[in-house]
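Reader: I'd like to go through the charged and aromatic side chains in this one with you. Could you put the structure up before we start?

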Amino acid sequence: MTGNATIASAAYQQVRADIIAGRLTPGAKLRIRDVCQRYEVSITPMREALNRLASEQLVVLNDQRGFAVSGISRAQLEELTNTRVWLNDVALRRSIEFGDLAWEEHVLLSYHRLARVPRYAGAADSELNPDWDPPHRAFHSALNAACPSRWICGYCDQLFDQSSRYRNLSRAIVMKERGDLDEHRPIMEAVIARDADRAVALMTRHVTETTKILLDRWSDIAAGA
């Protein structure tokens, strides 16, 4: 990997993480010189990073206005959730069908690592713990890892990240409504038991319950975004 490619990849990861975490808010202008200064990157690799993010629909490019963080909407959240449910159904069933002992161990280890990290931080559990996000993503990715379609697994990961953006933009609402309920253990147990119907049902509920909360409180989310 060349120097510029390495820098562009690092910039892509940094900007992407800030968008998903909600530190760069929906609709925020990404003026090249400003973001170059913020991330200490030159123009060429930053443009490459932003174009890559545009291909993932985390950034939009308007010929007249330049780059901006992609907006959010109720319709997009509903479409995102439905698509995620459909693809997770296929990926999880195929993963349970084809997964071997090494995959089971991978799922168990991923769950163990997730369970060891507190979801919330602060004396009053007032905010999400940023250290929780990586093992959370890794656990969901591990569930689908034995699916023989890399395309489906890749799309599931992208949809997970898009969903995380909505969740992070409304972290206080989700925390109040759902608390620290561990919905991951029963999913893990159903997967290890090779009970595909139960695993898919639990995953579907896990994904859709958060969306229902967000849609019910959409005016608060839109006002804060």
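This is a predicted model: local features need pLDDT of at least 70, side-chain atom pairs count only at pLDDT 80 or more; totals for chains, interfaces and linings use all residues.

Reader: Where does R165 sit, then?

Author: R165 belongs to helix α7, which covers residues 150-169.

Reader: And which residues does R165 touch, leaving out its close neighbours in sequence?

Author: Leaving out residues up to four places away in sequence, R165 touches I19, I20, P26, L58, V69, S70, G71 and I72. As for G71, its backbone oxygen lies 3.2 Å from a polar atom of the R165 side chain.

Reader: Back to E56: which residue does it form a salt bridge with?

Author: E56 forms one with R16, and the closest N and O atoms are 2.9 Å apart. That pair links distant parts of the chain, since E56 is in the loop between α3 (43-55) and β1 (59-62) while R16 is in helix α1 (residues 3-21), 40 residues apart.

Reader: Are those two buried or exposed?

Author: E56 is buried, with a relative accessible area of 15%, and R16 also counts as buried, at 12% relative accessibility.

Reader: How many salt bridges does the structure hold?

Author: The structure holds 11 salt bridges. One of them joins the side chains of D89 and R93, at 2.8 Å from N to O; because these two are 4 residues apart in helix α4 (residues 74-98), about one helical turn separates them. D89 is partly exposed, with a relative accessible area of 27%, and R93 is partly exposed at 26%.

Reader: Switching to aromatics, how many pairs does a search of the whole structure find?

Author: The search finds 3 aromatic pairs. Among them are Y111 and F139, whose ring centres are 5.9 Å apart and whose planes meet at 65°, so the pair is edge-to-face. Y111 is in helix α5 (residues 101-115) and F139 in helix α6 (residues 133-143), 28 residues apart, and both residues are buried.

Reader: What about Y166 and W218?

Author: Their ring centres are 6.3 Å apart and their planes are at 35°, so that pair is tilted. Y166 is in helix α7 and W218 in helix α11 (residues 218-224), 52 residues apart.

Reader: Last one: which ring does the charged end of R52 sit over?

Author: The charged end of R52 sits over the ring of Y12, 3.6 Å from its centre.

Conventions: Residues are numbered from 1 along each chain as its sequence is written. Side-chain values use heavy atoms; hydrogens and water are left out. A polar contact is a pair of N or O atoms within 3.5 Å; within protein, one must be able to donate a hydrogen and the other to accept it, and residues adjacent in sequence count only if both atoms are side-chain atoms. Contact means heavy atoms within 4.5 Å. Rings of Phe, Tyr and Trp (its six-membered ring) pair if their centres lie within 6.5 Å; planes under 30 degrees apart count as stacked, over 60 as edge-to-face and the rest as tilted. Buried means under 20% relative accessible area, exposed over 50%, partly exposed in between (1.4 Å probe, protein chains only). A charge sits over a ring if NZ of Lys or CZ of Arg is within 6 Å of the ring centre and within 35 degrees of the ring normal. A salt bridge is a side-chain nitrogen of Lys or Arg within 4 Å of a carboxyl oxygen of Asp or Glu.
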